[in-house]
Amino acid sequence: MTIQFNKETFRDDYSFKNSDWAIERFPFPFHEDSYMYAVNMEQHRGGPEGSVYEKRFDVDEHYVSEMADRAMVLADDPLRCQSLPHMTLAGWDLLELIMVSKSEDYPDLFELHRDGDTWRWINKPMGIDDTFTFMDETTLPYGPMEYITRQTQGDFCVLDQREDNLWMDAGMVTTQADWSLDFDIGMNFFEWHAPVPLAHEKGIFKRALKFLLNIQQGAPARRLNWTMTVNPLLDTSPENYHKWGIQKTTLTPENIGAKQHLRVELQSFFRLPRSNALVFPIRCYLIAFQDIVKSPKWGRRLHRVIRDLPVELATYKGFIDNRPMMLDYLSAFDDGLPTSPGVFPDNATEPPLQK
Amino acid sequence: MSKFQFPESIKSRPVYGTLEPRPGKYHLMIADAEGAEAILDIAAADPSIMAKTHIIYIPRGTDFGAKLRALNPAQYYEGPSYAASVTRIQRVLQDAHMGTQVYLTGTEGLMGQAQNECMQAGIPHTAIQTEHRGSVARRMQCVHCKGITEDVETDPFVCSHCGLNLFVRDHYSRRLAAFQGVCIDAEDPGNVPEAVELYK
């Protein structure tokens, strides 16, 4: 299909909106009626046709506007994109992975023509047609990681692997769930996850690290993570928290359906061939509560998950104060009927709301 | 009491030990304030290492200088501040060969910054001994303006650069040698709890 790219904003007037297509394919993160941290990894080798899992790097209707938002974030704060000196090779690996994947997966949107080290990259949605020399930084307007991640949705952490650990040594981070690349760069896997409650005690990070250290070339993995965001704000950074934090207090029973968004991260993990680094794309999808509850199953389930979530998690995810209002809203969409297993909405087979 | 037992915390927060003499060709000891006492202890444990020791000391108003000098280290330097001493530390690290032992002691800010210099000189942080002595004040980075406020003794505190009211996190960056400070009243401007002394 040909994607119609939205012209929309993720700040100020917040004109961001999901089409019916985007709502239907939204990566709803709850496979059952409750939630607790888990490693929850699976292979990232495609998925149902049209789903966000199908391609290696999903491109959707928000692509062009998201890239414009990223450019604004970087203009305000260049520290959102950093690469320690030993990570340049991994940046070239990443550029190659994305260019090859996108040109194969979306041939109508992206083209890559390689003649030895002379590469021509065409990005039609963004109007880019560049010819450069692979592995020669002087032939690109930015470093290789920055160049390609200015053209790819999602945040990117590039992790060096040494001493049986992963090190956050490079990244492009402008759509983050309230963590700072500038602060965390150079940290190991346990250190940058240090502020997460409960998961260390459950051994989640030890198991996750063991899994990630063993990811092989050509065998990427993926998992989902989630949080809550008031207004479709991509840049929920700690750097700007003193500016956006106040928006959390603007919810009312009248506007919550439109303003409160479920924020889902499709995290994937690819081994890079030359550097042996691991790239960790964190793709953010936003959906308003009023669009989630259009699927009866999702409405029922979201109410139950939010209602039963441990206080520590609701606090860490930053919505403990708004939880009562969320539950008032969501309870109207929970009639107590059972839900089918799995994340998909099953709109054709799930019963309509009985109240 | 100059030795403080920090409560258990999150995994990015540094953990300090007790300095012990290790075999080495050259010993570099960097300390501030009450860190002098840890150096006196290590010298008492093995007086022989002093002939191969360079002490870099920042008294910060204490008067341990004469006692340290009396240990007869191979080199002794007393600096008025860390900032004044850092170029000397960098120069000394340029000549640090295999077999150099590094000992850092005193405040967290001193140890963190000196450790950072050592890491930049190629010494893994895990090979550097540290021992906390003296003040529990912290070196804090404001996550908003990126400014560093030294010797923060209360939570919350006011960023010395941008003036925001920040709460003190245990999340720590070795690269910045600083803990993270985050705006405490972003969701309720003006509602700033009374500042409480750290660990009180």
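The model is predicted, so local features need pLDDT of at least 70 and side-chain atom pairs count only at pLDDT 80 or more, while totals for chains, interfaces and linings use all residues. Residues are numbered from 1 along each chain as its sequence is written, and chains are lettered from A, with ligands numbered from 1, in the order in which they are written.

**Chain A overall**

- Chain A holds 13 helices and 10 strands, where helices (H or I, at least four residues) and strands (E, at least two) are DSSP runs numbered from the N terminus.
- The radius of gyration of chain A, 20 Å, agrees with the value near 20 Å for a compact globule of 355 residues; this radius is taken over C-alpha atoms, and the globule rule is 2.2 Å times the number of residues to the power 0.38.
- The C-alpha trace of chain A spans about 65 × 45 × 40 Å along its principal axes.
- Of the 355 residues in chain A, 41% are buried, a term that requires 20 or more other C-beta atoms within 10 Å of the residue's own, with C-beta atoms placed from the backbone.
- Among contacts in chain A between residues at least 6 apart in sequence, 70% join residues at least 24 apart, a contact being two residues whose C-beta atoms, placed from the backbone, lie within 7 Å.

**Nonpolar cores**

- In the largest nonpolar core, which has 38 residues, L94(A), V158(A), L159(A) and V279(A) touch the most other members; such a core is a set of buried Ala, Val, Leu, Ile, Met, Phe, Trp, Tyr and Cys residues joined through C-beta atoms within 7 Å.
- α3(A) gives the most to this core, with seven residues.
- Leaving aside residues up to four places away in sequence, L159(A) touches residues including L166(A), W167(A), M168(A) and F280(A).
- Another core, of 30 residues, lies apart from the largest one and has V264(A), F289(A), I292(A) and F333(A) among its members.

**Chain B**

- Chain B is divided into domain 1 (26-132) and domain 2 (138-197), with bounds that come from an automatic or database domain assignment.
- The C-alpha centres of domain 1 and domain 2 of chain B lie 28 Å apart, and the contact takes seven residues from each of these two domains.
- Helix α3 (residues 82-94) of chain B has 13 residues and reaches 18 Å from its first C-alpha to its last, close to the 18 Å expected at 1.5 Å a residue, an expectation calculated as 1.5 Å times one less than the number of residues.
- Y82(B), S85(B), I89(B) and V92(B) are buried in α3(B), and their cover includes β1 (26-32), β2 (53-58) and α4 (108-120) of chain B.

Key: Buried ≥ 20, exposed ≤ 12 C-beta atoms within 10 Å, placed from the backbone.
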